[in-house]
Every structure is written in C-alpha cells, then in structure tokens.
Amino acid sequence: MLVLLMLVAGGVMLAMGAMNSLLASAQVVNQQAGGVESLAWRLPPGDMVEDTRSILKAWADGDLHDLTSRLMVTYFIADLVYIGLYCLIIWRVWTVVRAKIKQFPPPKPTRLKRLATSERNARVLLLGLLTVFDLAENSLRMVLFHKGPTVAEPWIWVSFGFTSAKWLTVLFIAAVLLDCLRSPQLRNRLWDNTRRLLKVLWRARVATAAVALFTGLVLLEPTGQVNDLLRQWIDAFNVGVFAIAAACALGIGARLSVRELLLEDYAEDDRESGTADSGFRFGFLAASVVLMALAVGFHLHPLWGVVGVLLLIEVLELLWRRMPYGTELAAEKKATEIRQVVAGPPLDRDRQTIHRYSNVLTGAPVIALIYGAINAYTPAAFVLPDDWNSLQVIVFVVGVVLTGTVFTLFGLVISELLPRLTAMLIVVAALPLAVVAACNDQAGVPSLVVLAVMLTLFMAALTVTQRFSERWPVPRGLLVLGFSRVPFALLLVVMLGVCSAIADGSAHDTRRTDDPQSREGIALTDAWHGWLEANCATTDQAAPIPLILVSSQGGGQRAAYWTASSLTQLFGTRLSDAKGKGPKGCPDRTPAEAVFALGGASGGSLGNTAWVSNLNNDNDRPQDWYAKPFALSDPLTRPLSWMLSVDLARAYVGFGGSDRAAIIEEGIERRVEGMGQSYFDDLRRTGSKRPLLMLTGTQVETGCRMNISAVRLTDPDHVGDACNNVERGHPSDAAATNDILDYLCDKDGTTPGGLRRSTAALLSARFPYISPSGRMYNCTNDSATNVVDGGYADNTGVDAMLELWRRLAPMVSDHNRGGGATVVPVFLMLDNHYRALATPRAAGRVQELYIPPSTQGRPDALDDVAAEQRAHAAFSEAIPGEDCPVDLPLDSRFIAIRPSVSPGLQAPLAWSLSQMSIRDLDHQRNTKFAEDPTVAALSKWVQAEH
C-alpha cells in the first residue's frame with residue numbers, strides 16, 4: 001500500500017512540476033518569469049515583493065490570463081490531492097518507525113524519541129499543522145493571483161510566512177523520523193539489509209544496468225528528446241502501445257535474468273580442473289589462429305585487438321606454470337570456493353530480497369514510461385492543437401497506458417508459469433524487430449522500442465555468459481590475475497578498447513564521389529559576378545537590391561526544420577521566373593536569387609543544404625516540402641539500431657560496408673530531392689544561380705573550424721601549416737580554419753574526389769555517438785583528420801560568414817562606387833533557440849568562495865552571443881561604397897528570426913520531432929513573420945512584385 005501511495009504521489013508531483021514549468025513559460029517583455037513556487041518565496045527574501053509582483057503582472061497579460069487561470073486552478077486541485085497523499089505516506093512511515101523504535105530502542109531517550117513513539121496525538125498535531133500551513137500557502141497564492149500585480153505587500157509576506165512554516169514543519173517531522181537511527185541495533189539491521197541488497201545488486205548487475213539505462217534515459221534525459229518521442233504517441237496509437245510492450249519485455253527479461261542467476265541452483269562443473277583448463281586453452285588457441293587468419297586474409301585491423309587479448313591470456317598461463325605447485329592448488333581451491341558461494345543457492349533470508357528486487361526491475365521500465373507520459377502530456381492538456389481537447393488527450397494516454405499494462409500483466413503471468421518459454425519468446429520477438437529497425441527507416445519502429453529491444457538482447461546474452469562464468473573453472477591465464485571466474489563483460493570492454501586503439505579509422509571514412517575537385521575551389525569573384533548577373537545589378541535600377549547572407553544556428557532536427565521552413569517562407573524555392581513576373585528591369589529574378597551565401601552548423605547546415613537542393617526553375621514543388629524530411633520522418637531509429645548492431649560488431653572485426661553516417665545520408669537523399677547530387681557543382685557563379693554554402697565542421701585533432709565550402713577561406717599554398725599555429729600562413733587566412741577542399745583525397749592522398757550534398761551537410765552535423773566522426777585524407781601530405789559537428793567550433797555559423805564578408809565587402813564597395821543598382825548587404829540569422837522574453841532576476845552578491853567554479857563556464861556560454869554581436873556590428877556600419885544615406889525599407893540590416901519562450905510545447909534539441917512540436921514551430925514562425933516589422937519589411941522587399 002505504501003509503495004502504491006508513493007507511486008501515485010510521484011505522478012502527481014511530476015504533473016505539478018510540468019504545470020509549474022508551463023506557468024514559467026508565460027513571459028512578457030520587461031517582466032520576470034516564474035511558476036507557482038516562485039510566488040512569495042525567495043531566500044534571502046530581499047527582492048521577493050518586486051519579483052512576485054512582476055510575475056503576477058506577466059500573468060495578468062490579456063493573452064495569457066485565461067491560460068494562467070486554468071493552470072492555477074488545476075495546480076491548486078492537484079496540490080490538494082498531493083497533500084492528502086503525502087499525509088497518508090508520512091502517517092504510514094511514522095507507524096513503521098514507531099514500531100521499529102519500540103523493537104530497537106535507542107540507548108538514551110530524547111524528546112524526539114518520545115514524539116516518534118507517542119500515540120496518535122503527536123502525529124495528528126504535526127500532520128495537522130503541516131496540512132494547515134500548506135493549505136494556507138496555496139490559498140494565499142490564489143489570492144495573490146486574483147489580486148494581480150497591485151497586491152498589497154502584507155499579503156505577500158503572510159504567504160512567505162506560511163511557506164516558511166510549512167518547510168520548518170517538514171524538517172521537524174524528518175528529524176523525528178530520523179531519530180530512530182540513534183539505535184545501534186537498528187543501524188546494524190539496516191546495514192545488514194543494505195549489504196544483502198548490494199549483494200543482490202552485484203549478482204544482478206546485468207539486469208540492473210539494462211533497466212537503469214532505460215529508466216534513466218526516459219526520466220533524466222536533459223534535451224527533451226524523450227518527452228517529444230512520448231508525444232509522438234498521439235500521432236499513432238500503435239507507437240505508444242509498442243513502446244509500453246517493449247518496456248514490459250525489458251522488465252520481464254530483467255525479472256527472468258535475476259531469477260535465473262540468483263534463484264536457480266547450478267552445480268559447479270564436475271570435470272577436473274586440468275581437463276577444463278585444457279579445453280579453455282585449446283579454445284583460445286584455435287580462436288586466435290582462426291581470427292589471425294581472418295585478420296591477415298581480409299585486412300581486418302581491429303580484429304588483431306581480439307587476437308591480442310586472447311594471446312595475452314595464453315602468455316599469462318606461462319606465468320602460472322612457473323608458480324609453486326602448492327600456490328597453484330590454493331589459488332584454484334579459493335576460486336572454486338568463491339564460485340560455489342556466489343553461484344550456489346541463496347539463503348532463505350535472501351530470497352525475499354531477491355523476489356522484491358526482481359519485482360522492482362519488472363515494473364521500473366513501464367513505470368518510467370508512465371511517469372514520462374505524465375510529464376510530456378500534462379502541458380499538452382492545456383496547450384492543445386485545435387483538433388484536440390484536454391479530455392481527448394487524457395483518454396488517449398490512459399488508453400495507451402492501459403493497453404500496455406495489459407501486455408505487462410499477461411507477460412508476468414506467462415513468465416511465472418513458463419519462464420523458459422517466455423524468455424525464448426522475448427528473444428525471438430526482439431531479434432526480428434532489431435533487424436527490421438536496422439535495415440529499414442520506413443518500418444515505423446519507434447526509437448524507444450529499439451532501445452528497449454537492444455537492451456533486452458544484450459541483457460539476455462550477458463546473462464548466459466555470467467551463468468557460464470559462475471559454474472566453469474576460470475582459465476589459469478586469468479587465475480594468475482586474481483579472477484575467480486571468466487569476466488566476459490570486462491573482456492569485451494578491454495577488447496573494444498584495444499580494437500579501437502589499433503584500428504586505422506577507415507571504418508568511418510567519409511563517402512566521396514568520383515568527380516575530382518580543384519583545391520582552389522570557386523573563385524569568389526566568379527560567384528560575385530554571377531550574383532550581379534542574376535539580380536540585374538549592373539543595370540541602372542532606381543531601387544536598391546538586397547544581398548542576403550544567411551547564418552543558421554545548430555540545434556538538431558529543430559534547427560533543420562526551422563531553417564528550411566523560414567527560408568522557404570521568406571524566399572520560396574524558385575530560381576528563375578519563367579513568366580517574367582520579377583521586378584521591373586529584371587523580370588526573371590526571384591526572391592531566392594537575393595541570397596548570396598548561407599552558413600551554418602549542425603542542423604542549421606542540414607536545413608540550408610536541403611533548401612538549396614530544392615531550388616528549381618519550376619513551380620511544382622509543394623510549399624511545405626520540408627515537412628517530409630524534417631517533420632514526418634524518423635531519422636533516429638535506424639542509425640540507433642545500426643550503431644548498436646552493425647557498427648558495434650564492426651568495431652571488433654573491422655569489416656567494410658556502410659556505417660551509420662552513410663545510413664543517415666542515404667535517408668536524407670531519399671527524403672530530400674537533390675541531396676544526392678554533387679555539393680560543389682551548380683553553385684553561384686557565372687551561369688548558375690544557386691547560393692554558396694559555407695558550412696562549419698570541427699576538426700577533432702585541433703579543434704579548428706573546418707570550412708565545408710566550394711569557396712576557400714585559407715590560402716591553398718599554406719595548407720601545410722597547422723591551423724592552430726600562431727605564425728600560420730597568409731594574412732588573408734581565416735583564423736583557426738581549414739578548408740575541406742584540401743581533404744578530398746583517398747586514403748593514399750593521391751586521387752581527389754567530391755562530396756554529395758547529403759555528405760557535406762552531415763559533416764557539419766555529426767554529433768557522436770548517434771553519428772560517428774567523418775574521416776578525411778589530406779591531398780598534400782599523408783595526414784588524415786576527423787570531422788565532427790560544427791557546433792563545437794561555432795554553433796552559429798557566423799564566423800565563416802563574417803570571413804566571407806571580409807572578402808566580399810571590397811567587391812560590393814567597388815560596385816556601388818562604379819554605378820548600377822545599389823547593393824545593400826543584409827545579414828539574416830536563423831536562430832532556432834527559444835529566446836526568453838522575461839527579465840532575469842537581479843543576481844545577489846556572489847560569495848568569494850564560489851567565484852572560480854561559478855565563473856568558469858560563463859564566458860564559453862557567451863560564445864554565440866558574442867558572434868551575434870560581431871555580425872550585428874559589422875552590418876550596422878555604412879553600406880560599402882555609399883557615401884550618402886540610402887533609403888531602405890529596413891530599420892536594421894541585421895535581422896534575426898527566432899522563436900520566443902511562450903506557453904506551448906517547445907520543440908527540443910532533438911533528432912526526431914513530434915507533430916505537437918512542429919505545430920509550435922510553425923506558430924512561432926508565422927507569428928514572427930506577421931508581427932516583427934523588420935522581418936515583414938524584408939519579406940516584402942525581397943518578394944516585391946511577386
């Protein structure tokens with residue numbers, strides 16, 4: 001009963017936390033933000049009155065008041081339920097403590113002990129006071145809300161007083177309950193139970209690790225990806241049912257693993273130690289010979305790591321033979337005794353602990369999903385799409401949970417009646433799911449299902465090896481190191497480390513094409529003249545022409561969707577107007593042709609490249625083309641499955657074939673037209689109208705920026721100098737930068753190649769471990785490099801664009817001074833991070849003791865802000881080549897399009913997005929285009945006469 005009360009209380013607390021967070025997102029400019037718990041509560045309470053009034057003023061805003069009213073009422077009701085639950089829990093715990101203290105009295109009675117062992121009067125009094133204080137606190141907060149920002153100061157201080165009294169009462173009750181630990185007998189009993197539990201945890205470490213990984217990821221994952229995966233249930237009922245069923249299978253598999261290892265009695269193998277050791281030695285030698293032959297015959301470098309570990313065990317056996325005979329016998333006898341104790345039948349007093357722990361592991365995955373669903377759908381019940389209401393959401397989620405619970409109960413019954421058959425059925429069902437998920441990204445297998453299935457399979461395999469190691473004699477090569485049984489998991493980890501150390505890195509070579517590219521790349525002057533020609537800028541036009549430089553910040557799938565959708569809404573997807581409806585004097589010009597170059601990192605690079613790939617000369621593309629690749633697909637499941645299966649096996653063996661990066665690229669090519677074409681061809685230059693791409697990657701070995709572009713940012717004659725060398729190269733070189741054009745050769749560094757657009761985009765968006773680093777080879781020397789996500793070096797993509805602008809500005813200046821239409825450079829930043837509108841609380845004095853740790857990470861956190869400030873400053877200067885002011889439709893030539901924090905289901909930094917998150921991004925984008933005057937003016941300017 002106590003466990004059930006605690007589980008229900010935990011669910012209510014999660015729902016209240018979600019409502020509190022939703023209230024904190026109700027923000028307006030120049031006011032503070034906070035949830036219910038921020039009202040009339042701050043330690044120290046110096047600015048508490050001003051803080052509370054500021055929050056209330058934000059909530060009183062006309063657009064937010066209805067929502068905050070519903071949230072406050074619901075929160076008040078949920079808190080009433082929570083008060084009742086925790087009172088029942090404390091009463092029950094107090095009853096147990098009272099019995100324990102009477103059974104194991106402390107050596108010296110205290111007032112706390114008398115309170116703990118007293119009859120109901122003390123409990124009723126303390127719990128009554130706690131209830132009164134909590135109810136008064138909630139009621140006063142409702143009063144504060146209804147009175148609004150004009151609430152009198154005494155009301156706030158009275159609420160603060162009741163909150164303080166509540167927490168003091170909680171601390172006092174905790175002190176009363178913890179006083180029982182003064183009893184030595186009770187402490188010894190608790191320590192004995194703890195040691196027994198730790199013993200069970202160690203024996204059941206495989207099942208514990210599998211369940212802990214799953215539940216920890218569901219409940220503690222920091223980016224919000226899991227919450228959004230859970231919100232995908234509402235898009236398809238079967239997704240939620242499959243997820244619950246997979247969690248159920250994981251829990252039942254853990255239950256069977258614990259009982260197999262801890263309750264079943266397997267006798268020690270009765271063969272002679274020498275016979276068993278000879279068998280092991282022969283097996284090791286045979287395996288080593290076969291693996292060496294494979295490594296030599298097929299050039300499988302990592303496989304030598306496995307061979308090396310096996311041979312090391314054989315070498316250690318030679319050391320064993322030099323030990324005195326008595327020492328050998330003593331060591332073997334000790335190891336046998338340890339195995340017999342560990343693998344033998346449990347004591348009667350341990351059986352109850354084992355049964356209880358197996359029950360915990362059985363229910364933990366499903367309970368984690370239910371808690372996750374509460375956290376994910378509580379805000380959805382208040383901020384819903386137009387075609388849903390709160391009751392529908394509640395009924396839907398309850399239906400998913402109940403359906404999944406039926407699976408769980410059915411599985412439990414079958415596992416109790418037929419445990420071996422149940423284990424076999426789980427493995428037989430899991431294997432095809434893992435294969436399908438790894439081979440087909442359109443199979444509809446959810447990511448959480450893949451994770452649970454893979455953990456179940458790993459757990460089953462490691463359970464078998466652990467059972468084997470506990471009943472077979474340990475090889476003498478391991479016995480000399482002090483092992484009493486074969487440490488299979490440790491050996492696998494050691495082998496993986498050795499294999500990774502000796503591998504040549506070619507398993508994750510970047511995919512190249514056969515079209516060789518010149519190291520000089522595209523001349524910026526050619527791209528500039530191509531842009532002038534496409535925009536008719538050399539003719540005498542009265543109206544100025546915008547030259548757009550775009551920077552797109554990283555942010556996973558959210559960044560890709562935000563970037564592609566914003567570019568499409570602003571510029572469309574047409575390269576030329578066949579009907580001649582362009583501006584006067586340039587009838588073939590389209591809005592997209594105003595864009596000169598796009599830079600970005602991570603998901604922003606993917607969105608930029610996808611938009612450039614979709615540019616075409618016809619009008620048959622749907623305006624929401626970006627929905628299919630970035631909103632209606634699941635790019636996470638297949639690479640996750642591939643990583644845990646094929647790539648994991650490749651790390652040990654070293655066989656060839658596509659890695660998970662290639663799998664992701666192939667999926668992008670299927671979903672976005674044109675992404676399989678050459679990255680370096682058909683770009684902005686004479687005769688072509690596609691904008692330049694200046695994507696940012698990060699070089700693993702140096703941390704330098706990798707410029708993934710057809711336009712160089714460094715001098716090709718100084719490529720041998722290290723990018724992090726202070727005395728490096730040419731004055732025109734970009735700082736701490738390498739160019740991808742120098743790394744397009746094969747492994748021998750002799751044959752240059754090219755890249756597909758999908759490969760170039762992913763090079764800027766490789767975020768280990770879901771996608772591996774990309775290995776590339778230098779064309780001027782024998783060196784190789786690994787490239788990862790550009791967000792490590794510059795998550796904004798601004799620095800690359802400013803380096804491009806430094807080279808482009810003189811050309812713009814010369815053109816504007818020489819006649820023709822005035823070219824007006826405009827910097828457009830597409831930032832997918834939600835920007836807070838609220839004013840942060842005034843920080844108090846920082847204690848001198850905490851200054852070093854509290855200050856250390858703050859400058860790094862400002863890198864993106866500093867980059868944005870540099871871009872704003874560069875494009876706030878006078879237009880190059882124009883001595884007189886130019887009449888522009890824009891107030892600023894630096895424009896940022898970003899979402900704002902508001903009550904809604906914010907899209908997370910994620911690989912996969914739910915339809916609820918997509919709707920929030922669409923609403924944010926449409927609001928920005930409609931209400932931001934600078935964005936609206938830019939849209940009107942570039943779409944003039946279209």
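Q: In which helix does M424 lie?
A: M424 belongs to helix α16; helices (H or I, at least four residues) and strands (E, at least two) are DSSP runs, numbered from the N terminus. The model is a predicted one, in which local features need pLDDT of at least 70, side-chain atom pairs count only at pLDDT 80 or more, and totals for chains, interfaces and linings use all residues. Residues are numbered from 1 along each chain as its sequence is written, and side-chain values use heavy atoms, with hydrogens and water left out.

Q: Is M424 buried or exposed?
A: Buried means under 20% relative accessible area, exposed over 50%, and partly exposed in between (1.4 Å probe, protein chains only). M424 has a relative accessibility of 54% and therefore counts as exposed. By contrast, L311 in helix α12 (residues 303-321) is partly exposed, at 32%.

Q: Which residues make the nonpolar surface patch?
A: Patches are made of residues with over 30% relative accessible area and no salt bridge; like charges are joined within 9 Å, and nonpolar side chains (Val, Leu, Ile, Met, Phe, Trp, Tyr) within 5 Å. Accessible areas come from the Shrake-Rupley method with a 1.4 Å probe, and for residues only the protein chains shown count as cover. Here V413, L417, L418, L421, M424, L425 and V428 form a patch of about 680 Å².

Q: Which helix gives the most to the nonpolar patch?
A: Helix α16 does, with 4 residues. Both α15 (390-417) and α16 (419-439) supply at least two residues each.

Q: How many salt bridges does the count come to?
A: Side chains of opposite charge can pair when their charged atoms come close. The rule asks for a side-chain nitrogen of Lys or Arg within 4 Å of a carboxyl oxygen of Asp or Glu. By this rule there are 30 salt bridges.

Q: With which residue does R420 form a salt bridge?
A: The partner of R420 is E260, and their closest N and O atoms are 3.6 Å apart. R420 is in helix α16 and E260 in helix α10 (residues 237-262), so this pair ties together parts that are 160 residues apart in sequence. R420 is exposed, with a relative accessible area of 51%.

Q: Where do R712 and D742 lie?
A: R712 and D742 form a salt bridge whose closest N and O atoms are 2.8 Å apart. R712 sits in the loop between β4 (705-709) and β5 (737-739), and D742 in the loop between β5 and α26 (757-763), so the pair ties together parts 30 residues apart in sequence. R712 is buried, at 8%, and D742 is buried, at 1%.

Q: Which residues are linked in a network of salt bridges?
A: The network links D192, R195, R196, K199 and D350.

Q: How many cavities of 30 Å³ or more does a search of the whole structure find?
A: On a 1 Å grid over the protein atoms alone, a cavity is a set of points where a 1.4 Å probe fits but cannot get out; lining residues have an atom within 4 Å of a point. The search finds 2 cavities.

Q: Which residues line the second largest cavity?
A: The lining consists of V36, M72, Y75, F76, N138, R141 and M142, around a volume of about 40 Å³, which is the space filled by probe spheres set on the grid points, joined across faces, edges and corners. Helices α3 (65-103) and α5 (120-147) each supply at least two of the lining residues.

Note on methods. On a 1 Å grid over the protein atoms alone, a cavity is a set of points where a 1.4 Å probe fits but cannot get out, and a pocket is an open set with protein on both sides within 12 Å along at least five of seven lines; lining residues have an atom within 4 Å of a point.
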